[in-house]
Amino acid sequence: MASILKVSSNPHIRSKASTERIMQYVVIALLPATLFGIFNFGLNALLLVLVTVATTVLTEYIYDRCMKKKNSIGDFSRSFSGLLLALNLPPKAPLWIGIIGGVFAIVVVKMLFGGLGQNFMNPALGARCFLMISFTSIMTNFECDAYTGATPLAVLKSGEGAVKLSDMIIGSTAGTIGETSVIAILLGAAFLLITGVIDLKVPCSYIVSFVVFLLLFSGKGFDIEYIAMQLAGGGLMLGAFFMATDYVTRPITKNGQYVFGIFLGIMTGIFRLFGPSAEGVSYAIILGNLLVPLIERFTKPTAFGKGKKGGARA
Amino acid sequence: MARLTFRGGVHPYDGKDLSKDKPMKTIIPKGDMVYPLSQHIGAPAVPMVKKGDRVLVGQKIADAGGFVSAPIYATVSGTVKAIGPRRVVTGDMVNSIIVDNDGLFEEVEYTSHNPEKLEKKEIIELIKEAGVVGMGGAGFPTHVKLSPKEPEKITYVIANCAECEPYLTSDYRRMIEEPQKLVDGLKIILRLFDNAQGVLAIEDNKPDCIELLSGLVANEERITVKALKTKYPQGAERQLIYAVTGREINSSMLPADAGCVVDNVDTIVAVYHAVAEGKPLMNRIVTVTGDAVNEPRNFYVKIGMNYNDLIEEAGGFKTEPQKVISGGPMMGFALFDLNVPTTKTASALLCLTKDEVSETEEGPCINCGRCVEVCPGRVVPSRLADMARRHDEEAFVANDGMECCECGCCSYICPAKRQLTQSIKSMRKTVLNNRKNKK
């Protein structure tokens, strides 16, 4: 034999799955919500998406160059955080909001903690909450050409005005760029479920526990329309399927994922019902992110055959 | 209760079609034969011949070096050329007996027995004398396995016919071509355990074997065929026991602790040869396959033959292989030199034109949890691998790192192509060594 054989430890074959492919799928899954947002809100929404995505990609690239880091992971994972952040911005926000948010997401939340796979909270949500606190009036102003400022959840909370549930499901309501259309979000989520990128553990336990919380504490009892509006309104659908399922910032253990989902459901319920704001998904999720190490610690799986008794191996 | 499967596992490309329908072909060895003294778990065998001695086919040339050990027999006639270290599949140099094959194949006489008339002790003694070891890969001496402390507590004798490793078809051919020997071998083992029932556990990707064997055991009261869900690693001992009986054992337990004895197809046939025909373990079936080989097929091989001869018999290489593996792609050993002998545990020679491992680059872990989902040991491979890389032995053991069976599912599935099994495996070795040194 002329050439040299390659040697390595087992196993010698690899599945086709790759990180880049997963990231590509997640970005594709966000497209329906993105396109609907742009269609719904117009030019400024389009520009915000483009600017935010460009900012995150560029920031990560520059950071890697400055730190002399080699990053083999391609552009899909870089643009994912940017796209998710853009979908969480109000449609009329000035473009510099996207830039500041993008830089914050990448530098502060992601890269300073070690980059891809190391961030302790979802970069897009971290940045959104940073923007909410720093630029509250911009971040809570949902007024635009098509709609008056009140989001369905705000209407629901104050009881003034009315929103049709059908509009919420289609998405023709006020809100952030990507959160309004339940149909578009579920379309993307279905794609992720079918391709096996995400499973239902976190989204289901999140949504079910949130509904249970509403039944117990909303004071409205079993009011189907109210519950449906709570589910369709605000960032719940986007959060449950695209942000709470973020691999890096949810527990890796199976039982941990259920605990995580239930925690998110309860926190969202508390924030929405008892907090000053109508919305609570973002804060619930980043709070959940912080508890992940603790949750994982208490939900460590039981190893196969552990605790069984028998003679020690000779 | 039988679950017929287990939690976790993966479905790699199985490649069995390459060699599945090629009947066993007997190879007549030429040239020197090499018999490593360690072809099993336990003490190395002790040579009984010296340089210049003439040996016959079926002559014992090395005796067991202890209770957990096994003798070794010559598979050709000729003269002992040397006794010294030779390279084996794992890459180690192992003391070996080298016999210059004279091509005459003069054989010793064997005494056959009627297994029905033998005492239990005699059966075990015959198996021990024949040098039978687990031929699925581990090489644990079979007579030790068949001598548990309380034989009356054994309720299942499981014939491991899963053959879950991709590409391997040697067990499949054995079942198709010599099913009666398998059943008779299982009956011999059942003689040792009065309270046990025999189970032929076959993955459902081999419906022809299931049908054939079901027909053969139709009138056997104590033997049943169970079709298991096809999934890697269904043939792993602990997963197999769980699938057949619903009983779980951990890494520090023996199958006997769950009332089970598990033996692989070829091992059971070797038991049949040893007891009924009085023949020592001298042959095994080896699948020579992969996309680099001209004619992938199954060979009936005399143990001690050189791997190069197997390749030659398979028509040589079609294209230059990048990787040659002894065993299957999930748990086999990559060879850097084909000049090694076949041993009792060599089930396959897999020649691949592409090495998927060196073609991929490790990326950062994104915590996707796929390794957790596929792990049949129900541990968290990505975290264990991190602990292994940090050499945090304490955390590694506390997080059940020692429960890993090194099946390779986590590395296989990882989208970031991380070397999870590899890190965990080396840490396990370190822990085991440290434990040994402390004793």
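This report describes a predicted model with chains A and B.

## Chain A overall

Chain A is helical. Its secondary structure comes to 14 helices and zero strands.

Chain A has 314 residues, and 50% of them count as buried. Its radius of gyration is 21 Å; a compact globule with 314 residues would have a value near 20 Å, so the two agree. Along the principal axes, the C-alpha atoms of chain A fill a box of roughly 75 × 50 × 30 Å. Take the contacts in chain A with a separation of 6 or more: residues 24 or more positions apart account for 76% of them.

## Helix α11 of chain A

Helix α11 of chain A covers residues 224–232. Met229(A), Gln230(A) and Ala232(A) are buried there. After α11(A) comes Gly234(A), with a positive phi near 65°.

## Where the chains meet

The contact between the chains involves 38 residues of chain A and 54 residues of chain B. On the side of chain A that touches chain B, 16 residues are nonpolar, 16 are polar and six are charged.

## Domains of chain B

The domain assignment of chain B gives domain 1 (112–277) and domain 2 (370–438). Their C-alpha centres lie 29 Å apart. Seven residues from domain 1 of chain B and six residues from domain 2 of chain B make the contact. The domain 1 side of that contact has three nonpolar, three polar and one charged residues.

## The largest nonpolar core

The largest nonpolar core has 223 residues. Ile158(B), Ala159(B), Ala201(B), Val271(B) and Leu310(B) touch the most other members. Helix α1 (residues 19–41) of chain A gives the most to this core, with 10 residues. Domain 1 and domain 2 of chain B each supply at least three residues. In soluble globular proteins, nonpolar side chains tend to be buried together.

Ala159(B) also has its own list of neighbours. Leaving out residues up to four places away in sequence, Ala159(B) touches Leu182(B), Leu186(B), Gly198(B), Val199(B), Leu200(B), Ala201(B), Asp263(B), Val265(B) and Ile268(B).

## Strand β15 of chain B

Strand β15 of chain B spans residues 323–326, and both of its faces are covered. Lys323(B) and Ile325(B) are buried on one side. Val324(B) and Ser326(B) are buried on the other. In a regular strand the side chains alternate between the two faces of the sheet.

β15(B) pairs with strand β17 (residues 348–352) of chain B in the antiparallel sense, over four bridges. In that pairing, Lys323(B) stands opposite Leu352(B). β15(B) also runs antiparallel to strand β16 (residues 333–335) of chain B, with three bridges joining them. Here Ile325(B) stands opposite Ala334(B). The hairpin of β15(B) and β16(B) has six residues between the strands, and Gly327(B) takes a positive phi near 105° in this hairpin.

## A three-stranded sheet in chain B

Chain B also has an open antiparallel sheet of three strands, in the order β3-β5-β6. Strands β3 (46–47) and β6 (72–73) of chain B are the edges, each pairing on one side only. Strand β5 (residues 60–63) of chain B is joined to β6(B) by two bridges. Ala62(B) has Ile72(B) in β6(B) as its bridge partner.

Methods:
Residues are numbered from 1 along each chain as its sequence is written. Chains are lettered from A and ligands numbered from 1 in the order in which they are written. This is a predicted model: local features need pLDDT of at least 70, side-chain atom pairs count only at pLDDT 80 or more; totals for chains, interfaces and linings use all residues. A residue is buried if 20 or more other C-beta atoms lie within 10 Å of its own, exposed if 12 or fewer, and partly exposed in between; C-beta atoms are placed from the backbone. Two strands pair if DSSP finds at least two bridges between them. Two residues are in contact if their C-beta atoms, placed from the backbone, lie within 7 Å. Ala, Val, Leu, Ile, Met, Phe, Trp, Tyr, Cys and Pro count as nonpolar, Asp, Glu, Lys and Arg as charged, and the others, Gly among them, as polar. Domain bounds come from an automatic or database domain assignment. A nonpolar core is a set of buried Ala, Val, Leu, Ile, Met, Phe, Trp, Tyr and Cys residues joined through C-beta atoms within 7 Å. The radius of gyration is taken over C-alpha atoms; the globule rule is 2.2 Å times the number of residues to the power 0.38.
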